[in-house]
Amino acid sequence: MSSRIAIIGAGPAGLMAAQVLSNAGYAPTVFDAKPSVARKFLRAGRGGLNLTHNEDFALFLSRYFEAKSFLEPALDAFSPDDMRLWAQNLGFETFVGSSGKVYPLDKKAAPLLRAWLHQLRANNTQFKMKHRLVNWLKDIWQFQTPDGLKEYSFDTVILALGGASWPQLGSTGTWTKILQNKGLKITPLKPTNMGFNVNYSELFRKKFSGSPLKNIELSFKDIHGNFHSKIGELLISDYGVEGNLIYTYSKFLREKIEQESPLNITLDLFPHRSLNQLKKQLSSKRGKQSLSAFWKRFGLSGVKASLLREVLSKELLSDPELVANTLKKFPLTLESYRPIEEAISTAGGLAFENLDKDLMLKDFSGVYCIGEMLDWEAPTGGYLLTGVMAQGKQAAEGFLNAQS
Ligand SMILES: Cc1cc2nc3c(=O)[nH]c(=O)nc-3n(C[C@H](O)[C@H](O)[C@H](O)COP(=O)(O)OP(=O)(O)OC[C@H]3O[C@@H](n4cnc5c(N)ncnc54)[C@H](O)[C@@H]3O)c2cc1C
């Protein structure tokens, strides 16, 4: 087939589009700014490569927040089960880990990516690396390359240019200017799945940066007044807090802190003990024991004990009632959120209203947009990779249907 198809952006979204097209007999060319493909996908492998999530499909869909109805057709056609089948077809079995997260057995991205690229090349997908898209003029696509500016024209273009987090891996969000110049609506790019700044004392910061805060319950009200609460684990970082529990709620916390900064949220440092139990334990006879040794008897030590010392003066620490209340309702003040460059992923992007049901630009026939560059977000947990690859499949199948 002679159609000149370009896929610009060699992340998982673009590669999935290439897979569907090359399986159908087309020979797409994948362009990327970087010298090698899918650097963010490879980086995801360092965390175990959480491909998808094993849970009830309605719950799975709800993870995409307001974008869920727009993404539903793509996720129906490329569900978490399809993601597992996809990996299996490349020779990689998957398993369901803790809390439903799905990983390849070896938890690595590089072997899976190698097999994927091998299959794509065998099916006539071509690759042009070190080609940074810098402009789109009528039917001309301009790329900055090591040999200078190069111009191409194509019959069909699939843009899969990613968000703006971890820009060192290739996605810098510079496409926003190119598409804005075409009159397309872009929701400002913002961080999601990111950390938050907290003003700890210097002593606390030095001692506990990098320490997990396990088995705690985080609670807050979102901008609509809905109450959220979940037990999990935080990571104390040099600047504040990060980790799964924070990432799960990063969208709601970002929205709230944009309205109200600093933002107070509540931690229950002993969610499996009642207030009365704690009061009783802390009111028991201390004898000659130091306060730290006494607290240790009830499991109050390390980072949790030091957090208490961050908010209560020395005199108040020996008031069992106040200490118990503080442990159950610890006030954590989030000052601001971390920049997009440090976030796991990007919120905002090309608005869905620019796109038709196949993710083709309504105003530019033959130009599709997919992946993290679109205006949606989801927590970590495998929802991101499933979301972007599902869109790659949706756009490529939309193209194929339009040919038949
Ligand atoms: C540290 C980390 C760990 C992660 N772990 C997981 C995980 O375990 N599970 C999960 O579901 N998700 C995870 N993610 C998120 C996931 O990797 C991304 O959501 C996904 O890679 C986005 O896919 P994409 O194809 O839309 O964009 P990208 O993967 O960002 O790919 C876009 C490509 O476009 C290229 N590009 C950008 N601009 C241009 C241009 N102007 N010209 C040419 N090429 C360009 C880039 O070089 C890049 O190769 C992780 C992210 C990070 C940062």
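I started at Pro 262, which sits in the loop between helix 10 (250–259) and strand 16. Helices here are DSSP runs of H or I with at least four residues, strands are runs of E with at least two, and both are numbered from the N terminus. The peptide bond from Ser 261 to Pro 262 is cis, with omega near 0°.

I noted the ground rules next. The model is predicted, local features need pLDDT of at least 70, side-chain atom pairs count only at pLDDT 80 or more, and totals for chains, interfaces and linings use all residues. Residues are numbered from 1 along each chain as its sequence is written.

Seven strands form an open sheet with antiparallel pairing, in the order 17-16-13-14-15-12-18. Strand 17 (330–334) and strand 18 (336–337) are at the edges with a single partner strand each, so one side of each has no neighbour in the sheet. I take two strands as paired if DSSP finds at least two bridges between them.

I then looked up strand 13 (residues 212–221) and strand 14 (residues 227–236), which pair in the antiparallel sense over eight bridges. Pro 212 has Leu 235 in strand 14 as its bridge partner. The hairpin of strand 13 and strand 14 has five residues between the strands, and Gly 225 in this hairpin takes a positive phi near 85°.

Strand 13 also pairs with strand 16 (residues 263–268), antiparallel and over three bridges. Leu 218 has Leu 267 in strand 16 as its bridge partner, and Ser 219 stands opposite Thr 266 in strand 16. I kept in mind that side chains in a regular strand alternate between the two faces of the sheet.

I found an open sheet of three strands, order 3-5-4, with antiparallel pairing. Strand 3 (52–53) and strand 4 (94–96) are its edges; each has a single partner strand, so one side of each is left without a neighbour in the sheet. Strand 4 and strand 5 (residues 101–104) run antiparallel and are joined by three bridges. I checked Thr 94, whose bridge partner in strand 5 is Pro 104.

Leu 49 lies in the loop between helix 2 and strand 3. I recorded its phi near 55°, a positive value in a residue other than glycine.

**Entry: helix 11 and helix 14**

I looked up helix 11 (residues 275–283) and helix 14 (residues 320–328), whose axes come within 9 Å and cross at roughly 140°. Axes are lines fitted to C-alpha atoms, for helices over the stretch in contact, and angles run from 0 to 180 degrees between N-to-C directions. The two helices, helix 11 and helix 14, are therefore oblique to each other; angles under 35 degrees count as roughly parallel, over 145 as roughly antiparallel, 65 to 115 as roughly perpendicular and the rest as oblique.

Helix 11 passes helix 14 in a right-handed crossing, meaning that the near helix is turned clockwise from the far one by less than a right angle. Residues in contact, with C-beta atoms placed from the backbone within 7 Å, include Leu 278 and Leu 282 in helix 11 and Val 323 and Leu 327 in helix 14. The residues of this contact divide into seven nonpolar, two polar and three charged. Ala, Val, Leu, Ile, Met, Phe, Trp, Tyr, Cys and Pro count as nonpolar, Asp, Glu, Lys and Arg as charged, and the others, Gly among them, as polar.

**Entry: helix 1 and helix 15**

The axes of helix 1 and helix 15 come within 7 Å and cross at roughly 35°. I noted this crossing as right-handed. The contact includes Ala 13, Met 16 and Val 20 in helix 1, and Val 388, Gly 392 and Ala 396 in helix 15. I sorted the contact residues of helix 1 with helix 15 into 11 nonpolar, three polar and two charged.

**Entry: the ligand**

I ended with the 39 residues around the ligand, of which Gly 9, Gly 11, Gly 162, Gly 170 and Gly 371 come nearest. Near means that the C-beta atom, placed from the backbone, lies within 6 Å. Helix 1 (12–23), helix 2 (39–44), strand 7 (132–137) and helix 15 (383–403) each supply at least two residues of this shell. Helix 2 gives the largest share, five residues. I found 18 nonpolar, 14 polar and seven charged residues in the shell.

Terms used. Two residues are in contact if their C-beta atoms, placed from the backbone, lie within 7 Å.
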